[in-house]
Amino acid sequence: MRYEQFHQRSIDDPEGFWAEQAQAIDWHVPPRTILDDSDPVFRKWFVGGQTNLCHNAVDRHLAERADQLALVAISTETGITREISYRELHREVNAFAATLLELGVTRGDRVVIYMPNIAEAVFAMLACARIGAIHSVVFGGFASHNLAMRIDDARPALLIAADAGMRGGKVIPYMPLVAQALAEAEHPPAKVLVVNRGLDPAYVPVEGRDHDHAALRAAHLDADVSVTWLESNEPSYILYTSGTTGRPKGVQRDVGGYAVALALSMWAIYDVRPGQVMFSTSDVGWAVGHSYNVYGPLIAGATSILYEGLPTSPDAGIWWRICERYGVRTMFSSPTAVRVLKKHDAHWLQDADLSQLQYLFLAGEPLDEPTAQWIGDALSKTVIDNYWQTETGWPVLCLMPGLDMKPVKPGSPGLPAPGYRLRVIDEATGEDAAVGEKGVLVIQPPLPPGCMSTIWGNDERFVAGYFSHFREPLYSSLDWAIRDADGYAFILGRTDDVINVAGHRLGTREIEEAVATHGDVAEAAVVGIHDELKGQVPVVFVTLKPAAAAGSVETVGAALQQCVCDQLGAVARPAQVHVVGLLPKTRSGKLLRRSLQALAERRDPGDLSTLEDPAALEEVRRVLAGPVAA
């Protein structure tokens, strides 16, 4: 079927369309109503249907693919690789579920999971789903204050943690952070289940609080825990959005709609079917990790690769050797990761046999053309951008090679995914923007299956934060976009990342794209800083490619200013260009633009708990204290 027909049917006949897609998963009780949109903001999918994410990800595959690999957990930090079949995954999840039950976790209880990218994190998530508990995965190593805030919001019955994680060969002890978080939290759980990897010799169990996972696993290896069937719209998990300030914002996901949306996306968007292999480089603590490390591939009956380590360790060829060894068909990563690889010779990508690799999908941030071009040329594979949010749980804009592959347009993540009624709205008038005119990307309710149900414990905040920006209740993505005559969307950056220069509104994304066209630039971040005359002016921070870094610092500033003027006009000319050794990023790879802006304006950079490398911030401070490149 052609994309146009497929998408149009999902819009014109959502009930018929999604009733067909719902047949891809198992239902204990079939839904009596496909869509209840009597309140479009709080729509409900597959009402009355009873299902279970763990059953659909594990149990239903045992008859046909029990001995097929379900999960391959690779750690280049510890040197350990675990190959786990569906039969073995079923056994581990049952043992973990029995452990949760012994520790008093019941249906509807919240469980906070504070773990690195290891197999036990996946077991824990699936075990929660099995017994009807609501998991909330917090990125391993997150600062204690942020963990405490999430604990207080979720009020969990149990916290599951590893003794430590590792990054770049450095051990990161988790249990001291857990202790600090529990001491700070107003609603700490009484029990902590500890997966002791033996990485932190200083860890000493706290009597009465800590429970050893290994001992409980051994006691329950023969357990057979019945699946708890949940109504489709019951919450499956809470995932807190990155970059939250004040009280964290917990995205609440349902059960049935999420399972159906992921099942559709796996074959139609990512072109992965039963028995094939998908490698997502995300962490399970992020939205991509939930959807395409854990639930999506397993619901599809595929093999999922879980990776703990850096993309450049032991060398820049590690990911591609993994693709060769396991016959990866589809890989999912981020533009940031590619830009890291871009600093290394392309031979690392070309030395492996990638004959089975068909697609590289990139998401998480806008994909600039130079990065897409470089990785596409180096791999000789199709590189596909796709756009979505933690809130949506699966792609909003994409191409669909599993259904009908449309042409790739550089700079665009593609066309609306099934079920999404997308519009681009003029911020001032609330009217639809014309072709080629910038506006806010919005979704006409009802949101399709898989998208957030609400903000955990706060329906009012859900409505105010997403549906109150225009006269009619439209879901605001809070992203600027334009659409071309073919319906392709181009994301221009966050609506709160706009620079107002002498009355001209400029997206930081547009300026970054212009800067990235310079051949010496490895990565760029643009922020707007206060200016007495113009209101704001753009300031550029760049890292340079190794071959350029030694001799170009003195001249690169003027060249980059000219690049921007040539492409966007003199009004967008950067007031300053700063060449730095590295840019400050979160652990998920997102640039800390607000911290850069604060430093450039000599202000407090704010909450840095998500900062990946503190040295990056010191580097920026040092450069700002010295002469600018331009």
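Which residues does Thr336 touch, not counting residues up to four places away in sequence? I looked this up and found Glu365, Glu523, Lys585 and Gly589, where contact means heavy atoms within 4.5 Å.

I noted that this is a predicted model, in which local features need pLDDT of at least 70 and side-chain atom pairs count only at pLDDT 80 or more, while totals for chains, interfaces and linings use all residues. Residues are numbered from 1 along each chain as its sequence is written, and side-chain values use heavy atoms, with hydrogens and water left out.

I placed Thr336 in helix H13, residues 335-342; helices here are DSSP runs of H or I with at least four residues, numbered from the N terminus. Thr336 counts as buried because its relative accessibility is 6% (buried is under 20% relative accessible area, with a 1.4 Å probe and protein chains only).

Next I turned to H5 (residues 86-102) and H6 (residues 119-131), whose axes come within 8 Å and cross at roughly 65°; the axes are lines fitted to C-alpha atoms over the stretch in contact, and angles run from 0 to 180 degrees between N-to-C directions. That angle makes H5 roughly perpendicular to H6, a term covering 65 to 115 degrees. Among the residues that meet there, I listed Leu89, Val93 and Phe96 in H5, and Phe123, Leu126 and Ile131 in H6. The residues of this contact divide into 12 nonpolar, two polar and three charged (nonpolar: Ala, Val, Leu, Ile, Met, Phe, Trp, Tyr, Cys and Pro; charged: Asp, Glu, Lys and Arg; polar: the others, Gly among them).

Last, I checked H11 (residues 287-299), which is mostly covered, with 13 of its 13 residues buried, and just after H11 I found Gly301 with a positive phi of about 75°.

Conventions: Buried < 20%, exposed > 50% of the residue type's maximum accessible area, 1.4 Å probe, protein only. Helix = DSSP H or I, 4+ residues; strand = E, 2+ residues; numbered from the N terminus. Parallel < 35°, antiparallel > 145°, perpendicular 65-115°, else oblique.
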